[in-house]
Amino acid sequence: MSHALVADAVPQSVLGNSLWVAIIASLHIQIATFLTGASTLTVVSEGIAMLREGHDQRHGRLAHGLLRSMAYTFSFDAAIPIFWVLFVFLGLWGTFFIALTRITFWVFIFEAGLFLAEVILLYTLYANWDRLTAYRRARLGLLVLLNLVLFWQMFFIDVVASYMLTPNGGDRSQLAQILNPTDIPLDVHRLIGNIAWAGAVTAAFAAVRYLRALRRAPEDAPFYDWVVQWGVLFAIGFTILQPWVGYSYAKEVQLHAYGAWYTMMFGELSNVFLLQITLLGLIFILATLYLLRRLRASGASGVRSLRIALGLEIVATLLAAMPSRFAWTQGDVTARHLDRPFWQGGLENPVGTMIPNKIIALLALMAASLWALTVYLKALSRDQLRWGDATRRSARGVIALAVVVSMMMATMGVIREHSRHPYLIYGEMTIEGQHVVDHAQPSPGATQR
Amino acid sequence: MAVLRFLARPLSRRLRSGYGWVDERAGTTSMLHKGLYEAVPKRGGWAYALGSATLALILLQLFTGIFLLLDYVPSFSQAYDSLHYLETSDRFGAWVRGMHLWGAYVLILVIGLHMLRTFLSASYKRPRELNWVSGAVLFFLTLGLAITGAMLPMDNAGYWTAVVVTNIPHYLPFIGDGIRSLWRGSDFVGPVTLTRTFGIHIWVLPFLLFALIGGHLMLLRRHGEFGSWVNYQTDTDDPEREITERILRAEPPYPTKRTGRRWAAPRDTVDFFPDQIFKDIVISVVLIAVIFVMSYVAGAPLDERADPATLTYVPTPEWFYLPLDQMLLLYPSGYLILVGGLGLVGIGALMLTLLPFLDRSHARAPLRRPEVIIPGLFLALVVVILAVLGANRLFNL
């Protein structure tokens with residue numbers, strides 16, 4: 001081999017290369033998930049606009065706005081995966097990426113095909129929105145098609161993401177790879193999460209516009225006020241299901257990638273997991289706070305119930321986010337022979353145990369949030385709300401809500417990607433040197449499998 | 001002589017006079033007239049057909065069950081052999097058993113849809129509260145029939161289902177172990193368990209089921225089909241006058257008593273015969289045809305003979321118990337099973353049954369009563385998600 005062909009220029013630092021993936025992946029995922037969720041919101045709004053034709057212009061305006069926002073964000077986001085694949089994956093993680101592409105070849109082919117379909121549908125709708133007003137059913141049909149394309153895109157990329165964590169012991173049958181143990185839980189988790197995230201982004205964007213409208217264009221304030229609450233309803237309504245789905249997902253990780261699960265729950269990542277629970281609680285608290293302020297601003301009924309729900313959410317979050325030990329990992333506790341309750345001089349905190357305390361706290365969090373949502377919708381259904389009288393404070397709270405949801409997504413990404421350590425593909429390929437594991441030899445994770 | 005005179009008449013006259021004799025004594029014509037010519041709301045007839053389809057499917061279960069009884073031996077040592085004989089040597093045995101299984105699957109789906117329709121349309125409100133309560137209990141009885149039926153084959157699936165299901169009461173405080181022992185007949189699943197489960201499956205539950213069906217139908221006839229809020233919308237500028245006219249010209253069983261004037265009589269009605277009964281028959285026939293085909297194509301599985309000592313067999317629940325099974329996985333320890341598995345499910349079942357007494361709003365349209373619709377849809381979504389996740393887990397066992 002010629003000396004000139006040796007890849008000396010490629011950075012060899014695992015930390016540096018991982019950082020590149022983290023930055024690019026986070027950016028891409030936040031936009032891609034918004035696109036997937038926003039396409040659902042667009043279908044819903046366009047459908048309602050058609051049903052209420054002549055009675056309610058807001059949904060039509062929102063659907064158009066969402067579609068335009070999808071076109072803009074997609075235009076930016078489309079460049080990221082290309083950069084990701086060409087430079088980050090092929091350049092920095094070449095061995096891994098080629099191995100992965102060979103394993104999930106057809107999945108990537110479908111993904112690429114769907115990407116093409118997305119381009120065609122999205123830009124057709126963007127460029128012809130007004131012209132298609134005369135053919136509204138066709139326009140709705142195209143939106144539904146776009147929604148389906150984005151759903152399948154998510155499905156196929158989830159196959160890759162879930163395979164890396166639970167590769168079914170390296171089973172090479174296509175069906176076992178596609179329907180690996182964490183694929184469906186991840187699909188359900190993301191399907192719900194995407195809609196919630198799109199709702200939060202829509203609400204935050206509308207909150208910014210609402211604050212501006214209050215200063216410059218008061219005639220637009222009622223519309224943006226209404227959009228803020230519409231987005232928040234999706235954000236909280238779908239997030240309520242997430243603790244249950246996320247728990248099921250973690251359960252599958254426990255059953256099929258025990259080492260990764262142990263790292264999440266008892267190892268280095270257990271404190272990041274507590275941060276995640278804290279963020280989850282904050283999402284519910286901020287959303288309920290918004291609903292409470294929104295009702296109060298219009299003098300609607302249900303404020304007292306929402307105050308109680310808010311109190312319950314705060315208590316439940318504190319209990320759920322409580323550490324189960326006063327040390328970084330469970331290993332530290334065991335090593336120091338202090339695995340007994342703190343009142344007996346140990347480092348363990350039985351009040352903060354996952355089972356049953358955190359589970360019950362999460363159930364309480366879900367119940368309180370469902371109650372808050374129901375109380376708000378009850379007032380809404382009785383026409384007790386006036387649009388345009390929301391306070392500036394509540395709009396700022398919604399922006400904070402979107403920031404917390406974004407942080408939550410990033411935290412979940414950190415947990416899932418780092419839980420596999422020291423593997424890129426759990427039990428099959430290591431991060432260090434991208435070595436394929438020889439199962440005949442002891443490997444870094446052999447004792448955990 | 002009278003008999004000879006009767007036999008000498010033409011056949012049509014003989015039939016007519018025979019019917020006249022019965023009618024004079026039993027009042028069949030007036031009964032048929034009352035049964036067939038009652039008014040039902042015009043809009044939504046295909047959705048109401050789910051109720052009749054439920055009845056048709058329950059009758060199908062009864063008939064196929066009777067045929068299965070001709071071969072099945074409810075004995076711990078012979079149950080499996082009798083079903084093996086039925087599957088392999090009886091000419092239509094496998095098909096009939098398949099129909100019994102697929103009939104149960106479709107029945108559970110149809111009852112679920114029927115309940116969903118009733119829930120969304122708020123048909124359970126005054127004075128139809130007992131219609132809903134009896135319907136909800138019927139749903140639970142059907143689930144009970146399904147699970148007790150799944151234990152009877154005494155193959156590995158049946159045996160381990162019996163082990164898991166009869167162990168569930170054990171998690172109830174104080175009385176749990178007593179109920180488990182009563183059902184099992186000892187500490188372990190054995191011959192007495194099968195006998196008792198068989199008794200529950202073919203006598204206790206069907207008795208309760210048919211008694212409740214009678215009550216449910218009687219209540220339906222008494223109050224009439226509510227339909228949905230769209231049947232009660234007003235078109236004119238004077239809604240009060242329109243409603244008054246509607247009540248005045250209403251046909252039996254309308255106007256419904258003990259309800260608000262607005263909900264007393266639907267806007268347009270049709271006769272049960274032939275309009276509604278046609279839809280009922282179409283839906284029932286389609287469903288039975290599906291059952292027929294599925295029982296022929298897929299049949300009913302029969303595992304290996306039950307092996308209580310096996311260490312390799314992994315019991316898997318029927319699909320309609322997947323949400324519950326997944327729930328038990330999420331709440332793995334004794335205390336949590338009580339809270340999550342029994343507490344949440346028990347409270348959910350109780351709230352479902354008592355729904356008409358919990359929903360006190362006057363509104364009927366779903367968008368006007370989010371306080372009921374949102375928790376209901378949340379519950380339905382949780383059940384679907386748990387079922388999907390449970391199926392995924394079983395696929396990857």
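Biologist: How many residues of chain B are in contact with chain A?
Modeller: In this predicted model, 24 residues of chain B are in contact with 24 residues of chain A. A pair is called a contact because the two C-beta atoms, placed from the backbone, lie within 7 Å.

Biologist: Which elements of chain B give two or more residues to the side that touches chain A?
Modeller: Those are helix H13 (322-330), helix H14 (334-353) and helix H16 (370-395) of chain B. H16(B) gives the most, with 13 residues. By class, that side of chain B has 17 nonpolar, four polar and three charged residues.

Biologist: OK, on to Ala122(B). What makes it count as buried?
Modeller: The cut-off for buried is 20 or more other C-beta atoms within 10 Å. Ala122(B) has 26 such neighbours, so it counts as buried. It lies in the loop between H6 and H7 of chain B, and has a positive phi of about 55° although it is not a glycine.

Biologist: And why is Arg258(B) called exposed?
Modeller: Exposed means 12 or fewer neighbours. Arg258(B) has 9 C-beta neighbours inside 10 Å, so exposed it is. Its phi is positive too, near 55°, in a residue other than glycine. Look for Arg258(B) in the loop between H11 and E2 of chain B.

Biologist: Where do cis peptide bonds turn up in those loops?
Modeller: One joins Arg126(B) and Pro127(B), with omega about 5°; Pro127(B) is in the loop between helix H6 (93-121) and helix H7 (129-151). Another joins Tyr254(B) and Pro255(B), with omega about 0°, and Pro255(B) sits in the loop between helix H11 (239-248) and strand E2 (269-271).

Methods: Residues are numbered from 1 along each chain as its sequence is written. Chains are lettered from A and ligands numbered from 1 in the order in which they are written. This is a predicted model: local features need pLDDT of at least 70, side-chain atom pairs count only at pLDDT 80 or more; totals for chains, interfaces and linings use all residues. Helices (H or I, at least four residues) and strands (E, at least two) are DSSP runs, numbered from the N terminus. Ala, Val, Leu, Ile, Met, Phe, Trp, Tyr, Cys and Pro count as nonpolar, Asp, Glu, Lys and Arg as charged, and the others, Gly among them, as polar.
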